[in-house]
Amino acid sequence: MTRAQQTTSIALLLTSIYLAVFFEVVSFSETIQKEIVPVLPFWSLVTFGAYLLFKLGWGVFTFNDVPEAHKELMAEIQLARKELSAKGVDVGTD
């Protein structure tokens, strides 16, 4: 099973469970059913966005811990500066 198929299967499973709860096929107490279940998709979206922002921030924070990627990026920056200078664009120096 590929990762895409696995992700799709999990998404369909979670959607099916949510719809069963939302349409009260599986019922909970009235407080949960009326106050929590309707906002669950929005809460999930916000939580997923916060997770992605954390992963992005952590990657930026620990970027210098990956020396190969740092060297590769610095080489690409130097190459871009040389190419732009050859075309007459003024670029700042380190």
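Over residues 7–28 of this predicted model, the chain is 73% helix and 0% strand, with its end C-alpha atoms 27 Å apart. Residues 40–61 are 100% helix and 0% strand, and the end C-alpha atoms of this stretch lie 31 Å apart. Helices (H or I, at least four residues) and strands (E, at least two) are DSSP runs numbered from the N terminus. An unreviewed UniProt entry assigns the feature "transmembrane region" to residues 7–28 and 40–61; such annotations may be inferred rather than shown by experiment.

Gln-33 belongs to helix H2 (residues 30–36). This residue is buried (under 20% relative accessible area, 1.4 Å probe, protein chains only), at a value of 7%. Beyond its neighbours within four places in sequence, Gln-33 contacts Val-21, Phe-22, Glu-24, Val-26, Ser-27, Phe-28 and Pro-38, a contact being heavy atoms within 4.5 Å.

Phe-23, by contrast, is located in the loop between H1 and H2 and is exposed (over 50%), with a relative accessible area of 58%. Phe-23 also takes part in a nonpolar surface patch of about 980 Å², together with Leu-19, Phe-22, Val-25, Val-26, Phe-28, Ile-32, Ile-36, Leu-40 and Trp-43. Such a patch joins nonpolar side chains (Val, Leu, Ile, Met, Phe, Trp, Tyr) within 5 Å, from residues with over 30% relative accessible area and no salt bridge; a salt bridge places a side-chain nitrogen of Lys or Arg within 4 Å of a carboxyl oxygen of Asp or Glu. Areas follow the Shrake-Rupley method with a 1.4 Å probe. Helix H1 (3–22), H2 and helix H3 (40–61) each contribute at least two residues to the patch.

Residues are numbered from 1 along each chain as its sequence is written, and side-chain values use heavy atoms, without hydrogens and water. Local features need pLDDT of at least 70 and side-chain atom pairs count only at pLDDT 80 or more, whereas totals for chains, interfaces and linings use all residues.

Technical notes: Patches are made of residues with over 30% relative accessible area and no salt bridge: like charges are joined within 9 Å, nonpolar side chains (Val, Leu, Ile, Met, Phe, Trp, Tyr) within 5 Å.
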